[in-house]
Amino acid sequence: MYRDYVKLRYALMPYIYSSVHQCYEDMIPLNRGLYLEYPSDEKAYQCPGEFLFGDLLLGAPVTMPGEGEQKLVSQEVWLPGGENWYHFFTGKAYQGGRTVTVESPLDEFPLFVKGGYPLPMQPYTERMCSTPLTELIVRCYPGSEGCNHSYTLYEDDGVSMDYEKGCYLKTFISMTAGERTVLTFKQEGSYVTS
């Protein structure tokens, strides 16, 4: 089971690396309380066990023992309004702006993706930090009709300080929802790996 979570972390590395760069640029924490993103919603202050991991993922760690053969835990999770949220492991959609009850077996935990945004991922690789990103997986979760959201994928050589000199690549991934979901990609900058 632990190996599966490590593989999940590796698969999410494009998102994690981009989110950490956002922390560097904007001085916001990677893990942040819901009240930082939703300060006008009183409910955001009442969920100390939940957090945002970057802009698109919401986690609610299980902190109680499970029951039965699958060690099933039933837990309440508040999902902020504005978009639907999708359970990362099951794909089930939940309406935002309300508290939902989620059941988690031992090999899952409440992890949600904000709807309407592209989530960059990669295939599992044992050497995620030293293997160049050659294949990008973009998970798309439906948003509200007509929504147009984007995510910025950040890349650099991963070993030098050349990003301080402007040697990095940003890929703006836009997702438009309508009759069809349309993804567009626009790149700025470049970096060279040796």
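These legends go with several close-up views of a predicted model.

**View 1. The largest nonpolar core brings together 17 residues.** Start here for a look inside the fold. Leu12, Tyr15, Leu57, Phe88 and Leu119 are the residues with the most contacts inside this core. Two or more residues each come from helix H1 (2-11), helix H2 (13-26), strand S8 (111-114) and strand S9 (118-121). Helix H2 gives the largest share, three residues. In soluble globular proteins, nonpolar side chains tend to be buried together.

**View 2. A second, separate core holds 15 residues.** Look for Tyr38, Leu58, Trp78 and Phe112, which are among its members.

**View 3. Tyr15 and the residues around it.** Tyr15 sits in helix H2 and is buried, because its relative accessible area is 0%, under the 20% cut-off. Setting aside neighbours within four places in sequence, you will find Tyr15 in contact with Phe53, Gly54, Asp55, Leu56, Leu57, Leu119, Pro120 and Tyr151. With Phe53, Tyr15 forms a tilted aromatic pair, with 6.4 Å from centre to centre and 55° between the planes. Phe53 belongs to strand S2, and this pair links distant parts of the chain, 38 residues apart.

**View 4. Tyr10 and Tyr124 make a stacked pair.** The model contains 12 aromatic pairs, and here is one of them. The ring centres of Tyr10 and Tyr124 lie 5.6 Å apart with their planes at 15°, so the pair counts as stacked. Tyr10 is in helix H1, while Tyr124 is in the loop between S9 and strand S10 (137-140), so to follow the chain from one to the other you cover 114 residues. Tyr10 counts as buried at 18% relative accessibility, whereas Tyr124, at 40%, counts as partly exposed.

**View 5. Arg32, Glu37 and Asp55 are linked in a network of salt bridges.** Arg32 takes part in both bridges shown here: the one to Glu37 spans 3.0 Å, N to O, and the one to Asp55 spans 2.4 Å, N to O. Arg32 lies in strand S1 (residues 31-32), and Asp55 lies in the loop between strand S2 (51-53) and strand S3 (57-59), 23 residues apart. Is Arg32 buried or exposed? Arg32 counts as buried, because its relative accessibility is 3%, under the 20% cut-off. Its two partners are partly exposed, with Glu37 at 37% relative accessibility and Asp55 at 25%.

**View 6. Lys170 and Glu25 meet in a salt bridge.** The count for the model comes to five salt bridges. In this one, the N to O distance is 3.0 Å. Lys170 comes from strand S12 (residues 169-176) and Glu25 from helix H2, a link between distant parts of the chain, 145 residues apart. Lys170 counts as buried, at 15% relative accessibility, while Glu25 is partly exposed, with a relative accessible area of 39%.

**View 7. Tyr35, Leu36 and Tyr45 form a nonpolar surface patch.** Tyr35 is found in helix H3 (residues 34-37) and counts as partly exposed, at 41% relative accessibility.

Key
Residues are numbered from 1 along each chain as its sequence is written. This is a predicted model: local features need pLDDT of at least 70, side-chain atom pairs count only at pLDDT 80 or more; totals for chains, interfaces and linings use all residues. Side-chain values use heavy atoms; hydrogens and water are left out. Patches are made of residues with over 30% relative accessible area and no salt bridge: like charges are joined within 9 Å, nonpolar side chains (Val, Leu, Ile, Met, Phe, Trp, Tyr) within 5 Å. Accessible areas come from the Shrake-Rupley method with a 1.4 Å probe; for residues, only the protein chains shown count as cover. A salt bridge is a side-chain nitrogen of Lys or Arg within 4 Å of a carboxyl oxygen of Asp or Glu. Helices (H or I, at least four residues) and strands (E, at least two) are DSSP runs, numbered from the N terminus. Buried means under 20% relative accessible area, exposed over 50%, partly exposed in between (1.4 Å probe, protein chains only). A nonpolar core is a set of buried Ala, Val, Leu, Ile, Met, Phe, Trp, Tyr and Cys residues joined through side-chain atoms within 4.5 Å. Contact means heavy atoms within 4.5 Å. Rings of Phe, Tyr and Trp (its six-membered ring) pair if their centres lie within 6.5 Å; planes under 30 degrees apart count as stacked, over 60 as edge-to-face and the rest as tilted.
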